[in-house]
Amino acid sequence: MKNNLNLLVLFGILFAGFGLCCLSIFTQELLDSGRYNEAFQWKTPHYFFLSSGMISVLTGLGLMLRKNWARLPATLLLIFAAAAWTLFAISEIKNVERDGIITIGFTIFLYSASLFGVLFLNNQYVLRSFDHQDPPEEEEDILDWE
């Protein structure tokens with residue numbers, strides 16, 4: 001059985017899933033503070049997970065519904081993810097003496113995945129699908145003799 005999901009819907013699912021993951025991390029922190037009868041203290045990671053989660057879920061829904069506004073936050077989130085990883089990796093260089101190769105490998109993977117996403121969301125075929133037009137038909141090949 002085949003599904004009719006295009007890559008744009010799959011990207012939307014990916015962004016929504018990432019957003020729900022960030023929101024679940026924030027919720028767990030919130031629940032942990034209540035479990036120990038402590039007042040919840042807002043810290044930078046809390047702002048990061050809450051804002052990233054909300055923006056990612058909304059962006060994912062926008063991509064699934066093919067809303068043109070969703071491309072900009074999706075592109076910015078991908079760039080932001082690469083930048084955040086870079087800052088994290090630089091801050092952990094002193095602690096990563098033995099596992100430096102793994103960090104380099106993961107950095108290459110994250111950069112290539114981010115670049116793939118940015119290029120995909122801004123290519124001509126995807127831009128046409130946001131305008132709710134039919135997908136472009138194949139162009140005639142020069143070597144066709146008809």
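The model is predicted. Its secondary structure comes to five helices and zero strands. Read from the N terminus, the elements run α-α-α-α-α. The chain has 146 residues, and 27% of them count as buried. Among contacts with a separation of 6 or more, 69% join residues 24 or more positions apart.

- H2 covers residues 44-64.
- Its 21 residues should span 30 Å at 1.5 Å a residue, and the end C-alpha atoms are 30 Å apart, so the two values agree.
- His46, Ser52, Gly53, Ser56, Val57, Thr59, Gly60, Gly62 and Leu63 are buried in H2.
- These buried residues pack against H1, H3, H4 and H5.
- Arg66 follows H2 and sits in the loop between H2 and H3.
- The phi of Arg66 is positive, near 60 degrees, in a residue other than glycine.
- Arg66 has a relative accessible area of 28% and is therefore partly exposed, as the value falls between the 20% and 50% cut-offs.

**Helix H3**

- H3 covers residues 71-91.
- It has 21 residues, which should span 30 Å at 1.5 Å a residue; the distance between its end C-alpha atoms is 30 Å, in agreement.
- Its buried residues are Arg71, Pro73, Ala74, Thr75, Leu77, Leu78, Ala82, Trp85 and Ala89.
- H1, H2, H4 and H5 are the elements that the buried residues of H3 pack against.

**Helix H4**

- H4 covers residues 100-121.
- With 22 residues, H4 reaches 32 Å from its first C-alpha to its last, close to the 32 Å expected at 1.5 Å a residue.
- Thr107, Leu110, Ser114, Gly117, Val118, Phe120 and Leu121 are its buried residues.
- The cover over them includes H1, H2, H3 and helix H5, which spans residues 124-130.

- Thr27 has its place in helix H1.
- Its relative accessible area is 37%, so Thr27 is partly exposed.
- His46 is 19 residues away from Thr27 along the chain, and their C-alpha atoms are separated by 9.3 Å.
- His46 belongs to H2 and is buried.

**The largest nonpolar core**

- In soluble globular proteins, nonpolar side chains tend to be buried together.
- The largest nonpolar core here has 13 residues.
- Leu8, Phe11, Phe15, Leu63, Phe120 and Leu121 touch the most other members.
- At least two residues of this core come from each of H1, H3, H4 and H5.
- Leaving aside neighbours within four places in sequence, Leu121 is in contact with Leu8, Phe11, Leu63, Arg71, Ala74, Thr75, Leu78, Val126 and Leu127.

**The largest pocket**

- The largest pocket holds about 690 Å³ of space.
- It is lined by 24 residues, and Phe18, Leu77, Leu78, Ala81 and Leu110 are the closest to its centre.
- H1 (7-35), H2, H3 and H4 each give two or more residues to the lining.
- The lining residues divide into 20 nonpolar, four polar and no charged.
- Leu77 and Leu78 are also among the buried residues of H3, and Leu110 is one of the buried residues of H4.

How values were computed: Residues numbered from 1 in each chain as written. Predicted model: local features only at pLDDT ≥ 70, side-chain atom pairs only at ≥ 80, totals over all residues. Heavy atoms only, no water. 1 Å grid on protein atoms, 1.4 Å probe; cavity = no way out; pocket = protein on both sides within 12 Å on 5 of 7 lines; lining within 4 Å. Points joined across faces, edges and corners; volume = space filled by probe spheres on them. Helix = DSSP H or I, 4+ residues; strand = E, 2+ residues; numbered from the N terminus. Nonpolar A, V, L, I, M, F, W, Y, C, P; charged D, E, K, R; others polar. Expected span 1.5 Å × (residues − 1). Buried < 20%, exposed > 50% of the residue type's maximum accessible area, 1.4 Å probe, protein only. Contact = heavy atoms within 4.5 Å. Core = buried A, V, L, I, M, F, W, Y, C linked by side-chain atoms within 4.5 Å.
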